[in-house]
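Have the picture open while you read.

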Amino acid sequence: MSVATATPQATSGKTTYLNHDKSIRSWLLTLDHKRIGLLYLSTIVVVFLAAGILALLVRIELLAPGRTIVDAQTYNQFFSLHGILMVFLVIVPSVPAILGNFIMPLHIGAIDVAFPRLNLASYYIFMVGGVLVVIAMVVGQIDTGWTFYTPYSSRLGAPVIFMTLAVFIAGFSSILTGMNFIVTIHKMRAPGLTWNRLPLFVWSIYATSIVQVLATPVIGITMLLLLLEKTLGIGIFDPAMGGDPILFQHFFWFYSHPAVYIMILPAFGIISELMGVFSRQEVMGYKFVALSSVAIAFLGFLVWGHHMFVSGQSTVSSVVFSLITYLIGIPTGVKVINWVGTMYKGSVSLKTPMLYALSFLFLFTIGGLTGVMLGVLGVDVHLHDTYFVVAHFHYVMMGGTIVALIGGLYYWWPKITGKLYNETLGRIGCLLVFVGFNTTFFTQFVLGSQGMPRRYYDYAEKYADLHALSTYGSWILAVGLFVALYTFIQSLMRGAPAPANPWGGASLEWTHTTSPPSPHNFEEQPIVTHGPYDYHHFYAGDGQSVEAELASRSEA
Amino acid sequence: MAHAEHAHHITPFRTLLGVFLGLVFLTILTVTTSRLDLGVLDVPVALAIALGKAALVVVFFMALKWDNRVNGVVLALGVLFVSIFLVFTLFDTAFRGDTSNVDEVTIKDAEAELAAPAGDADHGESAPAADH
């Protein structure tokens with residue numbers, strides 16, 4: 001019986017997924033979910049860097065009133081490209097495509113995803129979307145913002161066609177990945193891995209996949225309608241041709257609000273894993289946390305109109321959407337309470353991944369609560385299209401998803417690469433990210449509540465100090481992110497070999513695989529006899545504190 | 001994996017014929033109702049008939065009735081979410097012009113502004129959409 005013994009396994013000299021074939025061809029045509037996850041990682045890191053540089057340029061332009069480095073038209077393009085790249089090519093695919101691909105099959109004890117060829121096809125379809133974005137950037141000026149609102153967007157020329165086509169195609173990649181994951185989770189779980197024993201990361205990936213499959217076609221249809229309107233002159237959204245511009249917003253947000261949950265749900269899954277492992281406790285309220293992901297996924301479809309309170313949609317509609325928006329706070333609150341409860345009386349270890357998890361808890365709670373504020377009809381009228389919304393969005397997307405992604409990367413880094421990283425550097429990077437992020441975006445809550453509109457090139461003198469402070473914060477944030485990048489690169493170059501289970505995790509990727517895993521993941525079929533957070537199953541009775549236990553693991 | 005589990009169901013000829021006749025009947029019904037003036041029921045009736053036809057095709061011709069239940073759930077989910085989109089969008093489009101409640105709200109400053117000779121006469125009417 002192969003019940004886990006959690007014994008660190010030496011990997012030197014073993015065949016792993018990294019060294020079994022080193023040719024470029026073997027990487028580009030790989031069907032291995034782990035390698036495909038790394039292909040996504042490398043691509044998304046490059047796009048993230050490009051979009052991050054654009055954000056820095058936007059902040060530098062806003063350092064002082066009037067022109068600082070670029071003209072207004074260029075500024076409009078900078079923030080539009082930043083938004084489009086970050087949303088469609090970084091945050092939407094990031095956690096599912098990188099960690100979902102790499103970790104989920106290991107979590108469920110599978111040899112691969114259900115459709116490996118489809119998985120590789122998803123990556124290349126995603127790449128085609130990325131290439132079209134680059135073409136759109138070269139062809140002309142995209143200054144629509146990431147929302148492509150009509151009628152302005154439908155009056156622009158070729159660049160918008162290329163960009164919307166890019167989003168359309170990247171959406172297919174998202175749908176195919178979602179389908180692949182749903183089938184994998186249903187059909188390929190190891191014996192004994194019941195739904196009640198699934199790691200919460202898998203639950204969150206499952207909920208995300210459902211949203212991907214159900215919602216993403218709508219953005220495809222929307223972009224197709226936009227293309228038809230532009231190319232064939234059919235009046236759909238443009239009032240000059242008899243169309244309805246608010247209808248575009250309905251279409252757009254019917255996808256894009258659930259997309260916010262595509263972006264954040266997998267991050268919730270990462271945080272659940274980190275909270276359990278680094279508190280050395282079973283995640284509190286496992287079933288509630290798991291089902292709250294499904295509840296969020298469903299409710300996420302019913303609230304899109306809260307983006308449109310001041311668009312001219314009917315009052316009836318606004319009231320309905322506002323009420324349902326409050327409901328989303330319930331399952332989200334369930335998660336936050338359970339994460340805090342998991343730490344209560346736990347043996348909390350403040351390793352770098354846990355520091356990112358704690359940062360997430362702080363930042364996401366602010367982002368979530370300000371979201372409830374924006375769901376209040378009367379308040380939203382004042383705060384709509386101000387920096388308050390920008391700050392809220394970034395607290396959820398950057399403070400939530402990206403911070404969780406980085407925490408997840410640190411956590412699974414020893415498994416992915418077989419190398420340990422420098423803990424001190426990791427912690428310094430996290431501190432800089434936390435301080436930089438709050439300096440950048442908390443300032444924007446104040447700016448927005450004082451009436452500073454978003455997307456403006458110039459602003460009144462009274463906002464100058466806060467804008468400058470926000471820009472300084474963006475520099476600290478950038479330094480923090482580069483420290484994290486340096487930590488990973490240094491680990492690749494000079495990192496000590498990682499044991500199979502450096503954190504003392506209880507899920508299959510730690511207990512049943514080497515670091516890095518073999519090409520086929522498991523040497524023998526794992527048989528699951530316990531839950532993913534049943535640490536006592538492995539570690540009870542040895543009398544060691546977690547710190548001492550982790551130290552002994554590192555030495556081993 | 002038992003092969004029989006995936007065996008293709010052979011639908012009896014009588015069933016297929018019955019469904020075909022049902023579809024012909026519904027088509028005649030579509031044409032007939034299109035010539036009648038049903039007022040506000042015009043579109044709902046046409047959609048209901050179309051839905052009936054689609055259901056017959058999916059359930060019998062596409063053999064969903066004998067297929068794995070999961071496929072039925074997937075289809076139902078798709079229909080549910082399309083319905084959510086349409087119904088919630090109708091909350092907007094069906095009540096778009098309903099701004100009477102805005103007129104009933106008394107805001108002292110707004111009243112003073114309207115009373116002023118240079119006031120914009122259209123302002124009150126378009127207030128909810130002022131941002132766009």
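Here are some questions and answers about this predicted model.

Q: Why is α2(A) called roughly antiparallel to α3(A)?
A: Look at the angle: the axes of α2 (residues 33-61) and α3 (residues 72-107) of chain A cross at roughly 155°. Angles over 145 degrees count as roughly antiparallel, so that's the label α2(A) gets relative to α3(A). The two axes come within 8 Å, and the crossing is left-handed.

Q: What makes up the contact of α2(A) with α3(A), by residue class?
A: You'll find 25 nonpolar residues there, along with five polar and two charged.

Q: What makes a residue of chain A count as buried, and what share of the chain does?
A: The cut-off is 20 or more other C-beta atoms within 10 Å of its own. In chain A, 54% of the 556 residues count as buried.

Q: How many helices and strands does chain A have?
A: Chain A has 18 helices and zero strands.

Q: What makes up the side of chain A that touches chain B?
A: In this interface, 18 residues of chain A are in contact with 16 of chain B. On the chain A side, α10(A) gives the most, with four residues. By class, that side has eight nonpolar, nine polar and one charged residues.

Technical notes:
Residues are numbered from 1 along each chain as its sequence is written. Chains are lettered from A and ligands numbered from 1 in the order in which they are written. This is a predicted model: local features need pLDDT of at least 70, side-chain atom pairs count only at pLDDT 80 or more; totals for chains, interfaces and linings use all residues. Two residues are in contact if their C-beta atoms, placed from the backbone, lie within 7 Å. Helices (H or I, at least four residues) and strands (E, at least two) are DSSP runs, numbered from the N terminus. Ala, Val, Leu, Ile, Met, Phe, Trp, Tyr, Cys and Pro count as nonpolar, Asp, Glu, Lys and Arg as charged, and the others, Gly among them, as polar. Axes are lines fitted to C-alpha atoms, for helices over the stretch in contact, and angles run from 0 to 180 degrees between N-to-C directions. Angles under 35 degrees count as roughly parallel, over 145 as roughly antiparallel, 65 to 115 as roughly perpendicular and the rest as oblique. A crossing is left-handed if the near helix is turned anticlockwise from the far one by less than a right angle, and right-handed if clockwise. A residue is buried if 20 or more other C-beta atoms lie within 10 Å of its own, exposed if 12 or fewer, and partly exposed in between; C-beta atoms are placed from the backbone.
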